[in-house]
Amino acid sequence: MTDHERDIAETAEGTDATAARRPNLDLPRLEVGRRDFMKAGAAVGAMTGLAGCTSVLSDEGNGGGGSSGGSGEHAVAPGEHDEYYGFLSGGHTGEIRVVGIPSMRELMRIPVFQTESARGFGHDAKSSEVLEEGGGYTWGDTHHPRVSQTDNDYDGRWLFVNDKANGRMARVDLEYFETDAITNVPNSQAVHGACMQLPDTQLVFGVGEFRVPMPNDGRDVDDLDAYGSVLTAIDPETMDVEWQVEVDGNMDNGDGGKEGRWFFATGYNSEEGVTQGEMARSDRDYVKAFDIPAIWDAVEAGEYEEISGVPVVDGTMDSPLNEGDRPVVRYVPTPKSPHGVSVTPDGKYAIASGKLDPTCTVIGIEEIAEVDDPQDAILGQPRVGMGPLHTAYDDRGHAYTTLFIDSQVAKWDYEAAVEAEAGSEEPILEKHDVHYNPGHLIASESYTASPQGDYLVSLNKLSKDRFLPVGPIHPENDQLFYIGDDQAGMELVKDKPSYPEPHDASVVHRDKIEPAKTWDRDDYDLEFVPEGEESFERVDESTVEIEMWARRNEYAFPEVTVREGDEVTIRISNVETTSDVIHSLAIPEYDVNLALAPQDTREVTFTADHPGVFWAYCAYFCSALHLEMRSRILVEPRDG
Ligand code: CUK
Ligand code: CUA
């Protein structure tokens, strides 16, 4: 038994032992073990002749690929471009990582909730203001990056992402790959799920997780009845909160229907406990189906309470707004603690993954509007395996569900699951091992109405022995699969070690993203400073304003003299028009660190409170004379 197999055995035993204490909870063991599945997979592979398929072989080895950008036909040669952008969340690094797929090469990082020095994020006036307006926290926990859509397809305009830590939502401008707005969501700690009202990104939703008193100002610290969890609707243009809906229990993940009426959120802790024991008592939890037009009606009719400056609609079970034939929230009962929920590309079903139950729950979206009892909208409940967390889709009616405890991805047919009996394993077509313990998985364009059906990335929480050891904190392992050949089955193409810790991703075809090559001066408020128009102005006794430029290999001023205690504002433009010639302005003593892409202009203000000589320098290696690119900052002591 390997360490990993022992872990699986122990985890599974733990789950069963828990189940034994709750006799009414049906948590059956998988009848077919992992080994048997692998053998079955090998047999099928042998029968189909393994045409162009390395899945079985790579399973035994290290996943193929290495650092060359994928194996076989999925390799991306040096100098070639990938077909897809993958936008991975960075978890508690607070960032977004951009990788090319299928190479899995990391292309860029986008700081979102944290200051970052390579891109100068949080070091110039504009990005500091974004962080400040977002509450001024120093870190965040990104989980769910979702790219804006028009007509249920990616429009490449924005990426939205949550901060689970401090209850925020951020927007990234996908022309400049830069975070341009952060909304600090009131009445909520932990905005977890994140997604949009489709087809046209009419609203952005943040799904509240941890229950807190509303308002959370100290008056109700231990009054559990005053605690709540809210769904927050945000205008994508202004990033203002439009309304919130309070619900019973915790929420978790969310996804929007394709037609704009429904939004689905999973949840746990319907017991509304505050300890782990209390949260896991009951065998039922709910998927909440929010009726967005009905909520707008309630807001417009004034049927809300204003809390912390935001209209909060009562969507709890006993709310008067949930009586009658147009409830604002329908509670669909599911086995306990469903985790991920995602809507099928055809918009017919919302599929919730069981987490503590070995099934997925298939909810009919047309049915949810029609049935009297929301339970009747449950159309299928296939048994997928142990620890189902998240489900992605291809273009051929298949669902792919991560099995955290089994360390596998299950591929299944969701129409077959609607036909089959609840608890049936018949709809399961294939299981493939992953290494190890997967959280999310994402297939190319899986969140749109037209997935591409070729690649799938499993974001595995543990890498264990897959890479060179690097101390007790291990990298995670993002594994790329080719899923385009149903006959050959899922093919493991590549392992990619990942810094902790990606949760979710969006995979977007490269034709749908149009990044800028240089800045367009119309896209920022600051005035550009061309060569010859640099200026140094002493505004008063203690205020200096400097306008300057940077180019290979100099700044407008080889030296600048100010006086101790001066408040110095520098506005600086990179006058280069050649793409990829980036300069920076670093004045370490004063914590100044601006990154300047071609044609960009940034501003910074600091107080020159230490007399002395301080070299400003360019930190981006821009040319042969890069090391000489500097300017002397002379801070003269105030008299005395
Ligand atoms: S959650 Cu982390 S693996 Cu935030 Cu979508 Cu499930
Ligand atoms: Cu400019 Cu280095």
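Start by selecting Arg551 and the residues around it. Not counting residues up to four places away in sequence, Arg551 is in contact (heavy atoms within 4.5 Å) with Glu531, Val575, Glu576, His583 and Met629. This is a predicted model, in which local features need pLDDT of at least 70 and side-chain atom pairs count only at pLDDT 80 or more, while totals for chains, interfaces and linings use all residues. Residues are numbered from 1 along each chain as its sequence is written, chains are lettered from A and ligands numbered from 1 in the order in which they are written, and side-chain values use heavy atoms, with hydrogens and water left out.

Stay on Arg551, which is found in strand 33; strands (E, at least two residues) and helices (H or I, at least four) are DSSP runs, numbered from the N terminus. Arg551 has a relative accessible area of 26% and is partly exposed, on a scale where buried means under 20%, exposed means over 50% and partly exposed lies in between (1.4 Å probe, protein chains only).

Next, show the side chain of Glu531. A salt bridge is a side-chain nitrogen of Lys or Arg within 4 Å of a carboxyl oxygen of Asp or Glu. Glu531 forms one with Arg551, where the closest N and O atoms are 2.6 Å apart. Glu531 lies in the loop between strand 31 and strand 32 (535-540), and Arg551 in strand 33 (residues 543-551), so the pair ties together parts 20 residues apart in sequence. Glu531 is partly exposed, at 42% relative accessibility.

Move to Lys461 and Glu501, whose side chains meet in a salt bridge (3.2 Å, N to O). Lys461 is in the loop between strand 28 (455-460) and strand 29 (476-482), and Glu501 in the loop between strand 30 (491-498) and strand 31 (505-509); the pair links distant parts of the chain, 40 residues apart. Are these two residues buried or exposed? Both Lys461 and Glu501 are buried.

Now select Arg383 and Glu425, a salt bridge at 3.4 Å, N to O. Arg383 sits in the loop between strand 22 (378-380) and strand 23 (388-393), Glu425 in the loop between helix 8 (414-419) and strand 26 (428-433), 42 residues apart. Arg383 is buried at 13% relative accessible area, whereas Glu425 is partly exposed at 26%.

Finally, select Asp124, Lys126, Glu178, Asp600 and Arg602, which are linked in a network of salt bridges. The whole structure holds 38 salt bridges.
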